[in-house]
Structures are given as C-alpha cells and as structure tokens.
Amino acid sequence: MMPSTPPPAGGESSAASRHVPVLLAEVQALLAPVAGCIVDCTLGLGGHAAALLAAHPSRTLIGLDRDPDALALARERLAPFADRITLVHGGFADLGRHLEACGRTTVDGLIADLGVSSMQLDEAHRGFAFRLDGPLDMRMDGASTDASPTAADWIDAWSEDELARWIRIAGDEPHARRIARAIVAAHAEAPIATTARLAAVVEQAVPQRPRRSRAGRRRPVHPATRTFQALRIAVNGELDQLDALLAQLPQRLAPNGRAAMLSYHSLEDRRVKHAFRDGVRGVPDPITGAPTPGSQIYASLTRRALRPGDDEIIRNPRARSARLR
C-alpha cells in the first residue's frame, strides 16, 4: 500500500559541535525581530536554537524532535540557556498539542529545518546513509516502537509497481522503474536488509550522474541518493507531517509572528511555497477578484527562496539543496 501522502555553546558533545546549521545568518536575520517565544520544530543538535537564544536575552524556545538521541545532545548544547528552553519529544505534526502542553496556544516565531539531520546521516546503525553500511532502518524516532516499519519492511511489502511509482514521485528519479525492477529481483534472492546492499543494487541498475554546482564544477551524485530519499520519506511519513504543520501554522503563529522553513527537495519546497503564497494572496472574491477580508494571513519576507552561496556549500556540502522561505 502506498503511503498517503553563533558558535556552539560550551559543554556539547562532539556530535553537536560538528553540526553546521544551514543558512544560519539568513535564519537569524529573518527571525531578528522576534523577542518572545520561538518554536524549533526540528531541534536536531540545536545549532539554529543556540544561535537564536544567544542573539536575544529575552527569547525563550520550545524545541521539538522525534529523535530522543538528538534531544539528549541538544540539551547538552543548550545547557547555558536551560532556564529559557523547553524540550519536547515529538513530531511537529502535533504542534498544537505540544504547545498547549507547554502552556501556550501560539508562538512568536517558528523554524523548521526539514529532512534528515547530520547526526542521523553520520550514524551507520540508523540506516539513512548509502555510504555507510548498517541495517536498512531510516526511522527518525530512533526505532522507539517495534510496530514502526523500517525501510526494509517497506521494500518487503511493496510490489514493483508501488516501488517504481513512489521512487519516481518522492525521489524524482527518472530511472524509477529500472531501480524498482532491480530491487524486486534482488529481494527475491534474499531480503534487502542493509544500506550497503540496497545501494549496490541501485548502483548496478543506473549510471552515476554528474551534477554541476553554480560555480560550474561537476560533482558526482550517487545513483542511490534519490531512492534513499524516497524510502526515508515513506518510512517517516514526512509529507503528511509537513502538511499537518502547514495547516496548523496560521492558528499557532501569533499576530506579527515570523516563520522560517528550510526544505531540501522539491516535494517539501513546493508545499511550503504554495502554503505561503496562498496565505499572501488570500482568497479571491468570486465577483471582484479582490482578496476577501481577513483571507490574507501572511506577508512575504523574501521575494523568493533563499539559497546557500558557493562558500557555504564548500564548507557544508549538505547545504547545497537547501531552500529557505
């Protein structure tokens, strides 16, 4: 079945200290007027949160994350701000419930850094990275429940048609059918249980693609990149989670509040772009075509999505596909 659709503070672990927040200066600039409470919907290792708290002494922050390991590391990194933070284990699809549990109905600012975290990519046992051999897991919650299916479980359950369709949609993969056929054939020989085996199957099925940077340099893109992305999105219900967050945002962002959202692939970015665009335009009157009263709920802070410059991409290659709206 197809799924519906500032420097780091002292005391942090080595994992947190290695974390490089994406488009940090731009996020800080967009949220600079916010002096009240900010919710970080994807706290991760606390890079954006630490910078936002350090920049303004009266700010408070609620940090959400589905990954208990990330929360523990973020708590160490944010220890200098302990009296101004509340950390919550949970996903941003339940933003309203989490805020109410913290005694709030709205917040003055919001940041969401979508997708997989650097820590998750760097830990082989989490199963996110095709360059590291580990179990084919990909669960962002750290496998907290036995009932939650892994990426290996999804492969086991899907037909070739379902695999091809989802890899094409969620991975934007032009070779989806060829990859799906190769996965099904390999699975018939033995279950695909590790990241290395899946990566090898995909690599044998499609050629490695070069990709040009904006500086004109050619970088190889591993053939399994988009397939791993598609599986990760399915395992974690990422698109449904994002849709739920965007639907709640107008009720949970206080008047004159600001939101900054980072996305890393077209499916995420398109949803954010359309939600913000519709909120800026409002609902047109069927007769006059003018926005109906009260329907223009957002004002745009940027003319278009902000992207990392070449210098940032050189420092942090994982930032290359980021879009900030």
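Because the model is predicted, local features are reported only at pLDDT of at least 70 and side-chain atom pairs only at pLDDT 80 or more, while totals for chains, interfaces and linings use all residues. Residues are numbered from 1 along each chain as its sequence is written, and side-chain values use heavy atoms, with hydrogens and water left out.

Helix α2 spans residues 24-31, and its buried residues are Leu 24, Val 27, Leu 30 and Leu 31. These buried residues line one face of the helix, because they fall within an arc of 130° when seen down the axis of α2. The arc is that of the directions from the helix axis to the C-beta atoms. Ala 25 and Ala 29, on the other side of α2, are exposed. In these descriptions a residue is buried under 20% relative accessible area, exposed over 50%, and partly exposed in between, for a 1.4 Å probe and with protein chains only. The buried residues of α2 pack against two kinds of element: the helix α3 (47-55) and the strands β1 (37-40), β4 (107-113), β7 (253-263) and β8 (323-324). Contact here means heavy atoms within 4.5 Å.

Arg 84 is located in the loop that runs between α4 (68-77) and β3 (85-89). Arg 84 is buried but has no salt bridge, and the nearest side chain of opposite charge, that of Asp 83, is 4.6 Å away. A salt bridge requires a side-chain nitrogen of Lys or Arg within 4 Å of a carboxyl oxygen of Asp or Glu. For charge, Lys and Arg count as positive and Asp and Glu as negative, whereas His and the chain ends are not counted. The side chain of Arg 84 does reach the backbone oxygen of Arg 59, at 2.8 Å. Apart from neighbours within four places in sequence, the residues in contact with Arg 84 are Leu 53, His 56, Pro 57, Ser 58, Arg 59, Thr 60 and Leu 61.

Further loop residues were examined. Met 138, in the loop between α6 (118-122) and α7 (151-157), has a phi near 75°, a positive value in a residue other than glycine. Met 138 is buried, with a relative accessible area of 0%. Asp 172 is not a glycine either, and its phi is positive at about 50°. Asp 172 lies in the loop between α8 (160-171) and α9 (176-189).

Ile 192 is placed in the loop between α9 and α10 (195-205) and is buried, at 2% relative accessible area. The C-alpha atom of Ile 192 is separated by 9.4 Å from that of Pro 135, a residue 57 residues apart from Ile 192 along the chain. Beyond neighbours within four places in sequence, Ile 192 is in contact with residues including Leu 136, Ala 152, Ile 183 and Leu 198.

Side chains of opposite charge can pair when their charged atoms come close. The structure holds 11 salt bridges. In one of them, Arg 139 pairs with Asp 137, with the closest N and O atoms 2.8 Å apart. Arg 139 is buried at 11% relative accessibility, and Asp 137 is buried at 13%. Glu 238 and Arg 232 form another salt bridge, with the closest N and O atoms 2.7 Å apart. Glu 238 is buried at 8% relative accessibility, as is Arg 232 at 10%. A salt bridge also joins Arg 325 to Asp 269, where the closest N and O atoms are 2.7 Å apart. This pair links distant parts of the chain, since Arg 325 is in the segment after β8 and Asp 269 is in helix α13 (residues 266-281), 56 residues apart. Both Arg 325 and Asp 269 are buried. Salt bridges that share partners also join Glu 160, Asp 161, Arg 177 and Arg 181 into one network.

A disulfide is a covalent bond between the sulfur atoms of two cysteines. With a disulfide taken as a pair of cysteine sulfur atoms within 2.5 Å, a search of the whole structure finds zero. The sulfur of Cys 102 is 8.1 Å from the closest cysteine sulfur, that of Cys 37, which is too far for a bond. Cys 102 is partly exposed, with a relative accessible area of 28%, whereas Cys 41 is buried at 2%.

Key. Helix = DSSP H or I, 4+ residues; strand = E, 2+ residues; numbered from the N terminus. Polar contact = N/O pair within 3.5 Å; in protein donor to acceptor, adjacent residues only side chain to side chain.
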